Amino acid sequence: MSWVQNSGLLKTTVAMLGVVFFLFCAGDVPAQKKFSRTYPAGQSVRLKLVNRTGTVTIEGWSKAEVSIQASMEAPTANIQPQSLSGEIVVNLVRDNQGRGEVGIVNFLIRVPYYTMVDIETMVGNLTVSNISGGLVRAHISTEGDITLLNIGASNVAADNVTGDIFFDGELQEGGNYRFSSNKGNIGLRIPFNSSFKVVATAPSTRDISFYQCAGPDLSLLGDGRRMVGKCGSGSATLSVTNQRGSIKFYRR
Amino acid sequence: MNCEDCKGLITAFMDNDLDESRAASVRQHLARCGECALVCEDLASIVDVCSNEGDSLLPENNSHQMWCRINNILENEQKAVQQQIVPEPPRRGLWHLSFWQLASGLACIAIVSSLLTVVAIRNYYEPAATDSIAQTTSRTFVDRVLMKVGLAETPQQQIERKLRDRQAAIEYWNARVQTRRNQWDNTTRAAFDRNMREIDDSVNEYTTILQRDPEDDLSSEMLDSVLNDKMNLLRDFSDL
């Protein structure tokens with residue numbers, strides 16, 4: 001055979017192998033379904049989301065509406081959001097109770113920035129950004145990172161068993177802030193002039209690094225396992241507990 | 001004859017039982033003594049009444065029995081008059097207590113006021129919210145005293161009680177989880193087991209520390225916290 005004939009055969013073979021490879025790979029990727037719904041939001045709105053497995057991203061925006069988008073892997077989960085008197089509830093645990101296997105569901109939810117946000121998931125990362133409502137609660141039953149960015153809420157709670165927690169926001173006067181992890185690192189980035197009482201406990205690592213806040217009055221207790229005190233007049237309350245990880249404060 | 005002799009003979013005199021000489025003496029005395037004459041008149045009146053009322057009141061030929069009766073009546077009347085005159089003993093009201101009742105009442109008041117004082121002092125010295133954590137490692141003097149006398153739980157007892165309470169709740173939720181975990185997919189089951197191990201490691205760590213030093217309040221608090229985490233983990237997964 002001539003070189004030209006061999007070259008044609010080679011091209012055909014490569015092309016066929018490419019198709020086979022594509023089909024093989026495509027067979028491994030689980031089929032994804034999309035879910036999308038939008039709700040009008042009033043002056044007071046609350047979002048409650050309970051996910052099973054998957055990432056959850058909540059973003060605050062200036063529109064007066066709540067946009068819920070989800071990508072679902074097979075076996076596809078049931079999603080039946082409920083909107084009642086200003087509260088939007090998405091509960092995948094309830095909606096899929098008794099089902100053995102439910103695929104991963106990744107949420108992207110956009111809400112008015114003044115929304116009260118209450119998020120729970122069994123496994124997966126949670127990210128909440130640009131929220132200044134009365135509440136931000138992020139709870140992971142097992143493992144996953146919690147990232148709270150540009151938060152101005154007066155009540156913030158974040159807890160997981162395994163994973164990092166990062167908070168970047170302002171501490172409101174009289175607010176309550178609680179962060180708790182069993183194994184991970186907790187980082188808090190707050191303004192220099194924040195006024196708060198603080199109890200930070202890292203019993204295993206004793207790794208608590210504080211930033212230079214305004215008017216500090218701090219002391220270490222229990223052989224360095226806990227730091228207590230206040231910055232400024234101490235109007236807000238900040239409680240941080242990390243059983244087996246570090247706690248670090250950063251100046252915003 | 002004096003008055004006493006006269007009164008002793010006056011009944012016999014009225015019954016004509018005296019001889020003449022003694023009757024004359026009584027008569028002379030009655031003539032002189034107004035008091036005895038009055039007694040004689042009273043007795044005569046009584047005899048008249050008895051005679052008028054009927055024979056049943058006056059047994060025949062038995063003056064001695066009659067006078068005994070009369071004396072009994074008079075004595076009963078005198079007693080009745082005395083009972084009326086003698087002031088009634090004051091009634092035993094609520095305020096009239098025996099010595100032992102009074103003593104036990106005072107003892108109760110002393111105990112109650114002592115306990116109230118202790119509670120008040122404890123509250124007064126209760127650490128403020130701002131520095132509650134700072135003072136958890138140091139017990140107040142009152143606390144120590146109460147522990148010594150058995151009125152308050154020792155740190156070890158507190159830990160044991162907390163552990164028992166938590167353990168009961170954990171067992172309940174764990175039983176629910178065990179009935180459902182076979183339905184979970186492998187990823188969920190693996191995540192649950194992995195994180196449960198992490199929590200159990202922390203529980204074991206604090207339990208060991210507390211066995212060495214039961215008064216380590218911070219470890220006690222952390223143990224309580226991780227047990228709470230464990231319970232929450234079980235509860236979350238019991239709904240799946």
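## Strand 19 of chain A

In this predicted model, strand 19 of chain A is largely enclosed by the rest of the structure, because six of its six residues are buried. The burial applies to both faces of the strand. On one side are A:Arg226, A:Val228 and A:Lys230, and on the other A:Met227, A:Gly229 and A:Cys231. In a regular strand the side chains alternate between the two faces of the sheet.

Strand 19 of chain A pairs with strand 16 of chain A through six bridges, and these two strands run antiparallel. Within that pairing, A:Ala200 has A:Met227 as its bridge partner. Strand 18 of chain A also pairs with strand 19 of chain A in the antiparallel sense, again over six bridges. Here A:Leu218 is opposite A:Gly229. Strands 18 and 19 of chain A make a hairpin with four residues between them, and A:Gly222 in the turn has a positive phi of about 55 degrees.

## The sheet of chain A

One of the paired positions is A:Leu135, whose bridge partner in strand 12 of chain A is A:Asn155. Strands of a sheet pair through backbone hydrogen bonds, either parallel or antiparallel.

## Contact between the chains

Between the two chains, 28 residues of chain A are in contact with 27 residues of chain B. At least two residues each on the chain A side come from strand 8 (116–123), strand 12 (155–162), strand 14 (176–183), strand 16 (196–201), strand 18 (216–221) and strand 19 (226–231). Strand 19 of chain A gives the most, with three residues. Sorted by class, the side of chain A that touches chain B has eight nonpolar, 12 polar and eight charged residues.

## Helices of chain B

Chain B has 10 helices and zero strands. Of its 240 residues, 16% are buried. Among contacts in chain B with a separation of 6 or more, 60% are between residues 24 or more positions apart.

The axes of helix 8 (residues 155–180) and helix 10 (residues 217–238) of chain B come within 8 Å and cross at roughly 15 degrees. That angle makes helix 8 of chain B roughly parallel to helix 10 of chain B, and their crossing is left-handed. Residues in this contact include B:Ile159, B:Ile170 and B:Trp173 of helix 8 and B:Leu227, B:Met231 and B:Leu234 of helix 10. By class, the contact residues of these two helices are 10 nonpolar, three polar and seven charged.

Helix 9 of chain B packs against helix 10 of chain B at an angle of about 160 degrees, with the axes 9 Å apart. The two helices are therefore roughly antiparallel to each other, and this crossing is left-handed. Among the residues that meet are B:Phe192, B:Ile199 and B:Tyr206 in helix 9 and B:Leu223, B:Val226 and B:Phe237 in helix 10. The contact of helix 9 with helix 10 of chain B divides into 13 nonpolar, five polar and two charged residues.

## Backbone exceptions in chain A

Most residues other than glycine have a negative phi, and most peptide bonds are trans. The peptide bond from A:Ala74 to A:Pro75 is cis, with omega near -5 degrees. A:Pro75 is in the loop between strand 4 (65–73) and strand 5 of chain A.

A:Ser85 has a positive phi, near 40 degrees, and is in the loop between strand 5 and strand 6 (87–91) of chain A. A:Ser85 counts as exposed because it has 7 C-beta neighbours inside 10 Å. A:Asn150 also has a positive phi, near 50 degrees, but is found in strand 11 (residues 146–151) of chain A. With 15 C-beta neighbours inside 10 Å, A:Asn150 counts as partly exposed.

Technical notes: Residues numbered from 1 in each chain as written. Chains lettered and ligands numbered in written order. Predicted model: local features only at pLDDT ≥ 70, side-chain atom pairs only at ≥ 80, totals over all residues. Contact = placed C-beta atoms within 7 Å. Nonpolar A, V, L, I, M, F, W, Y, C, P; charged D, E, K, R; others polar. Pairing = 2+ DSSP bridges. Buried ≥ 20, exposed ≤ 12 C-beta atoms within 10 Å, placed from the backbone. Axes fitted to C-alpha atoms, helices over the stretch in contact; angles between N-to-C directions. Parallel < 35°, antiparallel > 145°, perpendicular 65-115°, else oblique. Left-handed = near helix turned anticlockwise from the far one by under 90°.
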